[in-house]
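Hi,

Here is the structure I promised to pass on. Please have a look at it, and then read on for my notes.

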Amino acid sequence: MSIQNFKQVLPENGNVMVVKGLSLGACAILIYVTWQILYVRLFSPLRNVPGPFLAKFSGIWLLYIEMAGKRAKTVHELHRKYGPVVQLAPSEVSFTTVDAIEALYGVQSLFPKAPWYKNMTRGGVFNRIEHGPHRERRKLLNHAFSPASVNDMAPLIRDQVQKLMRVTETHRSQGPQDFRHWFRMLSFDVSGTVFLGQPFGGLDCEKAPQYIEDLDSAFIVWDLRGRFPTLMRLISTLPSKAVRHFLTADDRIYAHGVVAFDGYLARHGRQSGRKDLLTKIVKRSLDQKEGLTDAQVAGEISNLTFAATDTSSNSLTYLFWELAKQPDLQAQMREELKDISVSAGAGVPDHRDLLNLPLLNAVINEALRKHPPVPMGLLRAIPTGGKKISGHFFPAKTIVSVPCHTTHRDPEVFPDPESFSPQRWLEHPNGTDEMRKLYMPFSKGMRNCIGQPMALLTMRLTVASLIKRYAVTLNETMKPENMEWTDHFLVIPNGGCFLDFTPVNE
Ligand code: HEM
């Protein structure tokens with residue numbers, strides 16, 4: 001064939017080839033889609049689990065919801081629509097049933113945490129995925145967090161609550177005060193005191209310390225790394241100072257932990273008589289051959305600061321927001337507190353006097369029910385061999401969870417769930433059987449919150465001190481939408497919580 005002839009033939013054959021190629025492509029897509037539909041409808045082990053159509057095929061919609069901070073509320077709506085078992089992605093399911101709570105979080109549960117946790121914090125008790133390694137690490141920490149041990153350090157926490165009382169008094173005449181900020185500073189200073197040997201000074205100045213900014217960024221970075229590990233590795237190579245600063249927020253947090261721990265050792269040594277958590281952890285590490293190394297202690301105390309702060313401060317923020325709308329409830333609490341002495345603690349009671357006050361504890365329970373700081377389902381993975389839960393069989397590695405935002409709103413167990421009603425805890429001080437099964441702001445079982453006694457102690461001291469001395473009302477600048485929230489593992493309120501505190505004898 002001459003070159004001339006070849007040129008004449010080529011376009012025609014080329015067109016044929018393009019058409020053939022397109023047809024083949026279309027066929028392949030058709031076969032893929034048909035196979036996907038057949039698989040999802042006939043063969044998928046999750047084919048009988050109800051859920052949105054898209055969730056059967058892809059997890060992208062869920063990722064979008066999560067990135068927008070709407071996971072807990074969206075999953076809640078899905079449970080209202082589809083019932084107690086809902087498919088969220090091809091390999092992810094959410095439950096609201098008691099047998100699921102038992103299987104995932106019960107004392108006997110051997111479900112590992114989902115791989116997502118690997119990027120949340122670095123190598124501490126919180127992100128040990130498998131049960132064996134988790135149990136080993138937890139054993140080395142448990143003693144320091146027991147109620148008795150936490151009671152030992154009540155005076156240290158009381159000092160910080162006293163500071164908050166001073167701040168409340170001095171700022172009363174200085175315009176609208178954002179108590180979301182002040183409760184955060186309280187939680188940070190409590191954490192600094194018990195984990196790092198000294199407070200961060202958050203209650204001593206107007207501006208939040210840099211550490212807190214880093215903590216806010218670290219949260220988002222961990223979440224993004226968990227969901228898009230490769231993309232995040234790529235982004236970290238970008239030659240931008242601002243991006244690098246943002247992505248290295250957690251480096252600074254852990255570096256701070258090392259410096260703070262070194263400072264603690266220089267000031268107090270390894271055998272001090274201090275009653276804080278760090279001293280107890282260091283002593284146990286000395287006593288045991290298999291104890292924590294210095295680097296591990298420094299890592300854990302950084303993790304603890306992250307676990308302890310926004311959880312406790314969010315709880316206090318929402319609790320006071322609710323109280324500010326119920327003056328009668330405050331009056332009843334004041335009545336309960338009237339014989340509690342605050343003379344030795346400069347306005348702050350002794351924690352032991354608060355332990356058994358029914359209304360105070362009912363108010364705290366109700367705040368944690370209606371506004372759990374970790375509202376989403378805590379992700380676990382179905383272990384090897386698969387597992388039957390709530391009538392469905394799930395293969396190994398399916399991601400499963402039970403969101404407490406939803407279990408706490410079961411109207412059969414918590415009637416009128418959107419009302420703030422401590423009364424329900426007064427009628428049943430330890431909760432009914434059903435309430436106890438569904439109530440889990442601190443999670444349950446072997447991986448529950450190690451800091452629960454400390455969080456409750458801090459809340460009792462703060463609520464009792466402020467309510468005994470002050471009537472709290474919403475500041476006129478306070479908008480209800482400020483307390484709307486998104487969730488990125490933790491709840492993040494949309495705005496500040498502007499409250500007025502007026503001494504009750506004024
Ligand atoms: C109102 C306050 C708090 C709430 C609602 C809360 C809630 C939780 C929840 C739901 C978990 C389980 C997380 C998961 O499985 O992914 C958890 C774990 C944890 N919390 Fe808290 N927390 C609070 C305060 C604290 C405090 C004050 C500390 C430190 C003293 C702390 C330290 C931890 C640690 C270390 C873990 C991991 C435990 C483990 O995996 O063994 N938390 N918390």
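Let me start with Cys449, which is partly exposed because 19 other C-beta atoms lie within 10 Å. On that scale, a residue is buried if 20 or more other C-beta atoms lie within 10 Å of its own, exposed if 12 or fewer, and partly exposed in between, with C-beta atoms placed from the backbone.

Two words on the basis of all this. This is a predicted model, in which local features need pLDDT of at least 70 and side-chain atom pairs count only at pLDDT 80 or more, while totals for chains, interfaces and linings use all residues. Residues are numbered from 1 along each chain as its sequence is written.

Back to Cys449: an unreviewed UniProt entry places the feature "binding site" there. UniProt positions follow the numbering used here, feature names are shortened, and annotations may be inferred rather than shown by experiment. Cys449 sits in the loop between α19 (433-438) and α20 (452-469); helices (H or I, at least four residues) and strands (E, at least two) are DSSP runs, numbered from the N terminus. Beyond its neighbours within four places in sequence, Cys449 is in contact with Phe442 and Ser443, contact being C-beta atoms, placed from the backbone, within 7 Å of each other.

Gly451 is found in the loop between α19 and α20, and it is buried, with 21 other C-beta atoms within 10 Å. Again leaving aside neighbours within four places in sequence, Gly451 contacts Phe145, Ala307 and Ala308.

Now the ligand. It is surrounded by 21 residues, the closest being Ala307, Ala308, Thr311, Cys449 and Gly451; a residue is near the molecule if its C-beta atom, placed from the backbone, lies within 6 Å of it. The elements giving two or more residues to this shell are α14 (294-324) and α20, and α14 gives the most, with 6 residues. By type, the shell holds 14 nonpolar, 5 polar and 2 charged residues. Here Ala, Val, Leu, Ile, Met, Phe, Trp, Tyr, Cys and Pro count as nonpolar, Asp, Glu, Lys and Arg as charged, and the others, Gly among them, as polar.

Finally, some backbone angles to check. Lys397, in the loop between β6 (392-394) and β7 (399-401), has a positive phi of about 80 degrees although it is not a glycine. Phe489, also not a glycine, has a positive phi of about 65 degrees and lies in the loop between β9 (485-488) and β10 (490-493). Lys397 is partly exposed, with 14 other C-beta atoms within 10 Å, whereas Phe489 is buried, with 22.

Best wishes

Definitions and conventions. Contact = placed C-beta atoms within 7 Å.
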